[in-house]
Amino acid sequence: MMLPSTSQPNEPMVVNCAVYSKETGRKLNDITIEAISDVLPRTDCFVWVGLHEPDEALLEKLQEEFGLHDLAIEDAHLAHQRPKIEVYGDSLFIVIHTAQVVEGKIRFGETHIFIGPRYFVTVRHGASLSYAPARKSCEQTPELLVLGPSYVLYAVLDFIVDNFLPIVNTFQEELTALEKDIFHDTFRRETLERLYRLKRELVTLRLAVSPLQDILNQLTRFFPNLICDEVRVYLRDVFDHAARISDATNAMGELLSSAMTVNMSMVTVSQNEVVKRLAGWAALLAAPTLIASWYGMNFHNMPELENGYHYMIGATVLICTSLFIWLKRSKWL
């Protein structure tokens, strides 16, 4: 049987659309979206389609070619879905959250995956790296690509999970850089703001990573008509990576919470030290103020009215010196 037109898809939303042999694991041809239905009946090959933020018309065309469920297409168009895995007949619909560092900030996106016996489709929304490296890796190992769409699923999921690692490392580096500011004596508003921003981004990252474990766990145990037994061992490896990332994010979440608490405690301690010093100087100044106030009163028989002020001055100096030494030893000054 001859393959349909080999022209490269010209829609900007279609990243790739190609046919791969199940016998040799090699790419046979690039095809157009309209030609998918002509290739799909063949049992010796499968179709791999990659889309980036497609419009409603393109998704309707995709649904027509693959016979996808209405609810899955609706979710793929609207995006903003929670990570999940749904079964529709002999196909799976999987939603995965992705992350990417853009201009020094972490951005989050979604990838919607349709997988059937003879096709694999990815729909990317928001911040997400291209899956070209995963495609290249699959094409360089045709002996594994003969396993079909389930191996492609592993390659894409492995690529997504591995992209979380640099982001986790970025969190760890920034938290390490903040340690000096956390234990600084003076209050710095920007330090608390950075800690809060890290905490917020980490919570979002945890919401993206944690559900991956449940999805991967289901993929390694169920769906025998779609997931080859040979692929399950690879999926378990991805599950281990996701579990390590999840543990790392949980640990950093606790560290960030502790860091925010420590930072506020250090600020409170610093403020208490300032109050202690102010109280110490106030006590030191209270003695001469009290003595001077006595001698400023209009008593009829004021002591030492004629002379003796040098005794009063000496007593004041002695009292103030004693107070200063005592407060200094008590670390109130």
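How many of the 333 residues of the protein chain count as buried, in percent? The share is 45%, where buried means under 20% relative accessible area, exposed over 50% and partly exposed in between, with a 1.4 Å probe and protein chains only.

What you see is a predicted model, where local features need pLDDT of at least 70 and side-chain atom pairs count only at pLDDT 80 or more, while totals for chains, interfaces and linings use all residues. Residues are numbered from 1 along each chain as its sequence is written, and side-chain values use heavy atoms, with hydrogens and water left out.

The chain has nine helices and seven strands; these are DSSP runs, with helices being H or I of at least four residues and strands E of at least two, numbered from the N terminus.

Let's look at helix α3, residues 70–78. Its buried residues are Ala72, Ile73, Asp75 and Ala76. Seen down the axis of α3, they fall within an arc of 160 degrees, so they line one face of the helix; the arc is that of the directions from the helix axis to the C-beta atoms. In general, an α-helix has 3.6 residues a turn, so residues three or four places apart point the same way.

Just after α3, Ala79 takes a positive phi of about 60 degrees.

Over in helix α9 (residues 309–329) sits Ile325, which counts as partly exposed at 40% relative accessibility.
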